Amino acid sequence: MAVRISENRNGLIETERLLIREMEQSDFDALCKILCDEEVMRAAYESAFSLEEVQNWLNRHFKRYAEYGFGLWAVVLKETNEMIGQCGLTFQGWRDKEVLEIGYLFQKAYWHKGYATEAAIACKEYAFKVLNASNVYSIVRDTNIAAQNVAVRNGMKIIDKDTKNFRHIDMDFYLYSAGQTDETWFI
């Protein structure tokens with residue numbers, strides 16, 4: 001897969017079908033199509049977000065862009081210029097460490113078309129080439145088979161399992177990992 005990484009913050013990564021860029025306030029409605037959708041969010045977080053939670057989510061990523069230069073980014077379908085999902089890199093807690101995670105969430109109309117895998121692979125390349133990360137991770141709910149499949153297609157392997165609490169609900173998660181070499185990377 002050809003991935004082009006740009007120095008332009010508005011179009012950080014380009015693949016054959018996708019443009020991956022920083023989210024903007026004008027992406028709020030498109031983000032709501034993801035985070036306010038019960039079916040989409042049941043797989044990841046057990047329930048949909050409120051409008052206030054969506055704005056808080058967006059604000060967190062604006063802060064991450066300013067602080068780290070990355071976060072979850074808008075995934076835009078080049079053919080239509082529509083934001084169809086989000087994918088990117090964030091620091092996430094796993095046990096007693098912070099790991100560089102590739103996260104992804106897409107509108108259900110765009111599931112099972114390879115977009116999440118295409119975006120996740122591009123974000124892995126960005127982490128290795130631009131951030132010089134030695135390894136990356138994806139934290140995926142044990143019940144989210146589709147997201148697990150994306151992690152596997154992104155060259156990742158399960159290296160750990162843990163229970164995390166989100167919105168007062170205990171959920172089991174797998175920790176997937178990939179490194180710059182063929183070795184399995186452990187935290």
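## Basis and conventions

Buried is used here for a residue with under 20% relative accessible area, exposed for one over 50% and partly exposed for one in between, with a 1.4 Å probe and protein chains only. By that definition Glu 118 is buried, at a relative accessible area of 8%. The structure is a predicted model, in which local features need pLDDT of at least 70 and side-chain atom pairs count only at pLDDT 80 or more, while totals for chains, interfaces and linings use all residues. Residues are numbered from 1 along each chain as its sequence is written, and side-chain values use heavy atoms, with hydrogens and water left out.

## Nonpolar cores

A nonpolar core is taken as a set of buried Ala, Val, Leu, Ile, Met, Phe, Trp, Tyr and Cys residues joined through side-chain atoms within 4.5 Å. The largest such core has 54 residues, of which Leu 35, Trp 73, Ile 102 and Tyr 104 touch the most other members. Its largest share, nine residues, is supplied by helix H4 (residues 115-129); helices (H or I, at least four residues) and strands (E, at least two) are DSSP runs, numbered from the N terminus. Apart from this core lies another, of eight residues, among them Tyr 137, Met 171, Phe 173 and Leu 175. In soluble globular proteins, nonpolar side chains tend to be buried together.

Contact means heavy atoms within 4.5 Å. With neighbours within four places in sequence left aside, the contacts of Tyr 104 include Gln 86, Cys 87, Ala 120 and Val 150.

## Helix H4

Lys 124 is found in helix H4, where Lys 124 is buried yet has no salt bridge, the nearest side chain of opposite charge being Glu 125 at 7.3 Å. Not counting residues up to four places away in sequence, Lys 124 touches Ile 102, Val 136, Asn 154, Gly 155 and Ala 178. Thr 117 is also found in helix H4 and counts as buried at 10% relative accessibility; leaving aside neighbours within four places in sequence, Thr 117 is in contact with Val 150 and Arg 153.

## Strands S7 and S9

Strand S7 (residues 135-141) is mostly covered, with seven of its seven residues buried. Both of its faces are covered, with Asn 135, Tyr 137, Ile 139 and Arg 141 on one side and Val 136, Ser 138 and Val 140 on the other. S7 and S9 pair in the antiparallel sense over seven bridges, where pairing requires that DSSP finds at least two bridges between two strands. Val 140 has Tyr 174 as its bridge partner in S9.

Phe 173 is found in strand S9 (residues 169-179) and is buried, with a relative accessible area of 9%. Not counting residues up to four places away in sequence, Phe 173 touches residues including Ala 44, Trp 94, Ile 139, Val 140 and Asp 162.

## Aromatic pairs

Rings of Phe, Tyr and Trp (its six-membered ring) pair if their centres lie within 6.5 Å, and planes under 30 degrees apart count as stacked, over 60 as edge-to-face and the rest as tilted. By this rule the count comes to eight aromatic pairs. In one of them, Phe 49 and Trp 57 are edge-to-face, at 5.5 Å centre to centre with 70 degrees between the planes, and both residues are buried. The rings of Phe 62 and Tyr 65 have centres 6.4 Å apart and planes at 55 degrees, so this pair is tilted. Phe 62 and Tyr 65 lie three residues apart in helix H3 (residues 51-68), about one turn of the helix; Phe 62 is partly exposed at 26%, whereas Tyr 65 is buried at 4% relative accessibility.

## Salt bridges

A salt bridge is a side-chain nitrogen of Lys or Arg within 4 Å of a carboxyl oxygen of Asp or Glu. A search of the whole structure finds nine salt bridges. One of them joins Arg 17 to Glu 118, with the closest N and O atoms 2.7 Å apart. Arg 17 lies in the loop between strand S2 (13-14) and strand S3 (18-21) and Glu 118 in helix H4, so the pair ties together parts that are 101 residues apart in sequence.

Arg 21 forms a salt bridge with Asp 27, the closest N and O atoms being 2.8 Å apart, and both residues are buried. The side chains of Asp 162 and Arg 95 also meet in a salt bridge, at 3.9 Å from N to O. Here Asp 162 is partly exposed at 22% relative accessibility, while Arg 95 is exposed, with a relative accessible area of 51%.

Definitions and conventions:
Lys, Arg positive; Asp, Glu negative; His and termini not counted.
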